[in-house]
Amino acid sequence: MWKLILRRTLITIPQIILLSVLVFILAQAMPGDALTGLIDPNIDPATIEAMRERLGLNNPWYVQYIDWIKGVLQGDFGQSFRFKMPVSELIGERMINTLWLSLATLILTYLIAIPLGIISGRFNDTWLDRAITGYTYIGFAAPLFIFALVMLFVFGFQLGWFPTSGSVTPGTEPGTFAYFLSKLNHLLLPALSMALITTVSTVQYLRSEIIDTKQKDFIVTARAKGNSETRVYNRHILRNSLLPIAAFFGYEITGLIGGTIFIENIFGYPGMGELFLSSISLRDYSVMTALVLLFGLAAIIGALLSDIILSLVDPRIRIK
Amino acid sequence: MRIDKDSGAQIPDVDLGKSPSGFSILLRELIRDKVAFGSLLFLFLIIAGVFGTSIIMDQSEIIKVDLFALYEPPSATYWLGTDYGGRDIFGQLIIGTRNSLAIGFLVTLLTGIIGILVGLISGYYGGTVDNIFMRFVDFFMVLPILMIVIAFVTAVPGYSIVSFSLIMTAFLWMGIARLIRSKALQEKELDYVKASKTLGTSDFKIMFFQVLPNLSSIIIVTMTLNLAGNIGIESGLSFLGFGFPESTPSLGTLISYARNPQTLELRWWIWLPASILIFVLMLSINNVGQALKRATDARQRRG
């Protein structure tokens with residue numbers, strides 16, 4: 001057990017190193033360097049050269065790489081030359097918004113997936129199951145950004161039920177209950193739009209898992225013992241099928257990251273995905289590379305957590 | 001019924017001909033599945049229509065700015081109205097569909113080739129080669145690919161359609177490689193591969209002329225489903241402004257005009273047709289793909 005967790009954790013080390021190399025290459029490939037945005041054109045070239053030398057920009061690439069890693073480990077991602085503030089501070093503000101959005105999406109994803117999956121699996125081949133399968137079929141085909149636009153168009157503009165941009169109503173006092181409600185109100189439509197699409201694969205998985213399990217011998221035995229249908233489902237089938245799904249949240253992170261980029265862009269929600277896109281259009285590359293690194297780390301750690309939890313709840317994986 | 005000459009026993013007639021090939025089974029199942037067959041016909045119609053009309057259409061004519069026809073609603077001259085530059089939406093829709101489909105096909109083909117090569121080699125040889133390849137694939141499968149593609153698209157100097165498809169390919173071949181690898185791993189344990197090895201057939205010949213044909217139906221299924229996915233990714237990137245430049249419209253470019261709230265709210269003719277078209281295209285390709293998938297799984301076949 002512990003051996004497996006240790007081994008799985010060790011795999012993430014080369015992954016993280018590989019990620020850092022990838023991000024470093026990306027940073028080097030970006031046009032311009034850390035000085036391009038800082039200095040005004042009147043400084044004479046010799047001074048710039050001296051500054052380059054002092055900042056280590058003329059060092060061979062491996063020295064620069066190690067310097068960069070040292071900085072990152074201390075939380076120093078460099079300066080954003082558009083916002084004139086450290087990248088870490090800039091990201092910190094946006095990160096909280098994205099965390100709320102991702103959390104709300106995850107909760108909604110499970111809130112939708114679990115009942116739909118159970119109904120669809122338990123009553124398979126009824127009209128209800130066909131309706132749910134139809135929904136998963138459509139959700140599987142519909143690109144997230146189109147669906148989100150349609151949601152914004154219908155519920156934001158036509159019906160006017162939700163605000164159409166921002167993360168909070170301007171002028172609301174932070175810390176008050178009204179502030180919280182306003183945040184929630186701004187969060188709901190983006191999160192729901194994303195959840196309705198991302199939940200599809202979980203519904204499909206749960207459905208086929210339940211259909212698979214309910215034909216197994218131990219379920220027949222449970223029924224033969226005279227257990228009620230509810231008890232068979234709650235104690236035997238769902239215990240088997242729901243636990244793996246609970247562990248999937250870590251894998252969902254990779255998908256959520258891609259999703260937040262679209263969703264934050266469409267709903268004008270000031271999070272990390274939105275910052276990522278605006279930092280590219282503003283040519284604020286130090287922000288961009290820092291975000292790629294952070295998102296990559298989040299995805300790697302998410303997969304690690306899911307693998308560990310999955311091995312805890314599913315003994316079949318442990319045997320390997 | 002035949003009668004055995006020596007014993008006089010009756011032997012029932014058995015079809016001793018070749019069992020149907022994977023490809024003919026796929027085709028038979030596809031024709032039987034009405035929804036999938038309809039989708040396939042629809043796709044052929046769209047492809048033929050779009051590529052046909054785009055030959056007689058002049059792309060430079062369509063993307064020419066006309067300041068006297070800004071934001072025209074649909075009319076007899078402009079079937080689907082015009083955008084903020086007075087450009088005909090219907091023409092852009094045709095060209096955009098062609099561009100989106102073309103890049104979808106190209107990326108699917110390229111990722112397919114790389115994925116099949118890596119998957120076959122990795123699965124067939126196993127051991128260290130397999131370990132190294134698969135750790136790489138695992139790593140890239142976890143990463144938020146969309147973001148990294150966007151970052152590389154901005155980093156590459158002299159950005160063009162070719163470099164765009166190459167960047168997409170560089171990060172999208174892993175899924176198919178992993179699938180082919182797991183199938184090749186199963187396949188190489190089968191007797192025909194062992195027999196062939198014993199006879200002294202070269203590894204190259206076994207891999208590409210004996211194992212690969214047996215994986216053809218799975219490859220067709222995956223590539224079909226990937227095609228839908230790749231069109232979605234391309235239009236998503238174009239939507240965000242990191243795909244095709246505006247001078248070569250794609251379906252995503254048309255939808256990206258909806259990021260302007262006024263266009264989204266008031267000028268449906270700009271973004272809605274392209275949205276519906278992408279959705280219907282992806283749904284049809286998925287229908288065909290799912291039907292093919294069912295056909296490869298003998299338990300789910302319809303007959």
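Colleague: What makes up residues 161-180 of chain B, by share of helix and strand?
Modeller: Over that stretch the chain is 95% helix and 0% strand, with its end C-alpha atoms 28 Å apart. Helices are DSSP runs of H or I of at least four residues, strands are runs of E of at least two, and both are numbered from the N terminus. This is a predicted model: local features need pLDDT of at least 70, side-chain atom pairs need 80 or more, and totals for chains, interfaces and linings use all residues. Residues are numbered from 1 along each chain as its sequence is written, while chains are lettered from A and ligands numbered from 1 in the order written.

Colleague: Which record lists residues 161-180 of chain B, and under what name?
Modeller: UniProt, in an unreviewed entry, lists them under "transmembrane region"; residues 136-155 of chain B are also among those listed. Such annotations may be inferred rather than shown by experiment; feature names are shortened and positions follow the numbering used here. Residues 136-155 of chain B are 90% helix and 0% strand, and the end C-alpha atoms there are 23 Å apart.

Colleague: What makes the phi of Asp125(A) worth a remark?
Modeller: Most residues other than glycine have a negative phi. Asp125(A) has a positive phi, near 70°.

Colleague: What makes up the contact of chain A with chain B?
Modeller: Two residues are in contact if their C-beta atoms, placed from the backbone, lie within 7 Å. By that test, chain A brings 32 residues and chain B 29. α12(A) gives the most to the chain A side, with seven residues.

Colleague: Which classes does that chain A side hold?
Modeller: It divides into 26 nonpolar, six polar and no charged residues. Nonpolar means Ala, Val, Leu, Ile, Met, Phe, Trp, Tyr, Cys and Pro; charged means Asp, Glu, Lys and Arg; the others, Gly among them, are polar.
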